[in-house]
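Here are some notes to read alongside the structure.

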2 protein chains.
Amino acid sequence: MINIMLSHKSIRAFKNDDIPDELLQKILLGGTRASTTGNIQAYSIIVTSEKEQKNKLWQAHFKQSMVLEAPLHLTFCADFNRFSEWCKVRKAEPGYDNFLSFFTAAIDALLVSQNIVLAAEAEGLGICYLGTATYNAHLLIEILELPKLVVPVASIVLGYPAENPGLTDRLPLEGVVHTEKYKNYVSADIDRIYAEKENLEQTRELLKINQKETLAQIFAEKRYPKNDNQFFSLRYLKTIADQGFMHNE
Amino acid sequence: MINIMLSHKSIRAFKNDDIPDELLQKILLGGTRASTTGNIQAYSIIVTSEKEQKNKLWQAHFKQSMVLEAPLHLTFCADFNRFSEWCKVRKAEPGYDNFLSFFTAAIDALLVSQNIVLAAEAEGLGICYLGTATYNAHLLIEILELPKLVVPVASIVLGYPAENPGLTDRLPLEGVVHTEKYKNYVSADIDRIYAEKENLEQTRELLKINQKETLAQIFAEKRYPKNDNQFFSLRYLKTIADQGFMHNE
């Protein structure tokens, strides 16, 4: 199992082969055994394979080509709609239209997504998460016809890999693990923790292409700049509220 | 791999045996291979094993006995502190003090948590998630001395199982999976999807003990009532803001 994790890499190019329905069912069955708060399973998974729907999702996901190429697309949603419907037809008053319920449901959906990713990889499939699921959640809601109390939190594409990229780097464990208490980072820690990433051949190339002095500048000024983060913050918060999850008092 | 998922159950009673450090390192190494936005790894994992710290965590987690019993306790945090510190010492202006960055970091932390859970289970350990991590995040921040831009999103206890409970029920796949578009639930769907759960022997006992007519009433009125959800919603939102993640414009 750990070997499958250790060889994980995101796959962005896929063969034409469809994923047999039986295999998908097996992966979904394994995935949905993930832990969930109170065994409520406050999530939904939308499976997309039709060309027209995939085309719409491709546009919402900033036209990343892997969305069109992959035979399957899964959208993981925080979902308190089903549970609330259950309450209503069982003479109970649901109280899940608030931020805690949204976040609890998001946790459920994200744990299931990672279970499904590992199940898929164990079966020889490749996957890639799409960070754009939260950026354009309001478009996904329209395309997938999500009712109130359902909000997308993550999307993956999956299929049979048509590429075999190398492993990407990770920070050393001391960079992300703390013992007993959080030990904040002084400049020497940062130097040590980021040394491998900063000295990659790929980093040198990025600096040249982007004409920047440091890799951190490429992240903070080009890839994930403050203005974009603020714009998408307001939009995602609005989406969460529009879907009915902000009745906190 | 899928077999390990299919046999997953939460473990709440643990043997006295410590987890060898070498095994923990192996699990953490496998776990931290999980996908992460832009390979930023915007999370931290706090490992607790000292008695005094565990005692404080036990109180914050509503005195659930498994917190004292388990040899190890992991707190998974959304963390943009380290990345921002990196930016600062590398002449870049970090822009990660907003809600989107918090949520992105939460996704990173939750995917890693589930990877670690599966790695631990593959190595014969048992785990249990603690839903209370979001309820009392402000207390965890104090106990673990988390700086700004670090917020707990999930906690697990782990150790060698001292119990072997049966599998818990799950909704049928048709209850959580949608094809192409979300298909909302009519009353007959709810009856079918919840039939197994409602007909469990355990459910009958719960109804008797709680003197309720339906299982949904036990959830909505006793276990996860609206008042509690609202209270914890406001508190978690305040914690997210207090930790500096609400500068959205």
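Predicted model: local features only at pLDDT ≥ 70, side-chain atom pairs only at ≥ 80, totals over all residues.

1. The same surface serves both copies, since 99% of the contact residues of chain A recur in chain B.

2. What does that axis do? A rotation of 180° about the axis, with 0.0 Å of shift along it, superposes chain A on chain B, and the RMSD is 0.0 Å. This is the relation of a two-fold axis.

3. Next, look at where the chains touch. Chain A brings 99 residues to the contact and chain B brings 98 residues. On the side of chain A that touches chain B, helix 6 (residues 99-122) of chain A gives the largest share, 12 residues. Sorted by class, this side of chain A has 50 nonpolar, 32 polar and 17 charged residues.

4. Strands of a sheet pair through backbone hydrogen bonds, either parallel or antiparallel.

5. Strand 5 (residues 177-179) of chain A runs parallel to strand 1 of chain B, with 3 bridges between them; A:T179 has B:V47 as its bridge partner. Strand 2 of chain B and strand 4 (residues 150-159) of chain B are antiparallel and joined by 8 bridges. In strand 4 of chain B, B:P152 is the residue opposite B:C77.

6. Which residues of helix 3 (residues 51-60) of chain B are buried? They are B:K54, B:L57 and B:A60. These residues lie on the same side of helix 3 of chain B because they cover an arc of only 115° around the axis. An α-helix has 3.6 residues a turn, so residues three or four places apart point the same way. The other side of helix 3 of chain B holds the exposed residues B:K51, B:E52 and B:N55.

7. Finally, see what surrounds this helix. The cover over the buried residues of helix 3 of chain B includes strand 1 (43-48), helix 4 (65-69), strand 2 (72-79) and helix 8 (137-143) of chain B. After helix 3 of chain B comes B:F62, which has a positive phi, near 55°.

Technical notes. Residues numbered from 1 in each chain as written. Chains lettered and ligands numbered in written order. Buried ≥ 20, exposed ≤ 12 C-beta atoms within 10 Å, placed from the backbone. Helix = DSSP H or I, 4+ residues; strand = E, 2+ residues; numbered from the N terminus. Arc of directions from axis to C-beta. Contact = placed C-beta atoms within 7 Å. Least-squares fit on C-alpha atoms with pLDDT ≥ 70 in both. Nonpolar A, V, L, I, M, F, W, Y, C, P; charged D, E, K, R; others polar. Pairing = 2+ DSSP bridges.
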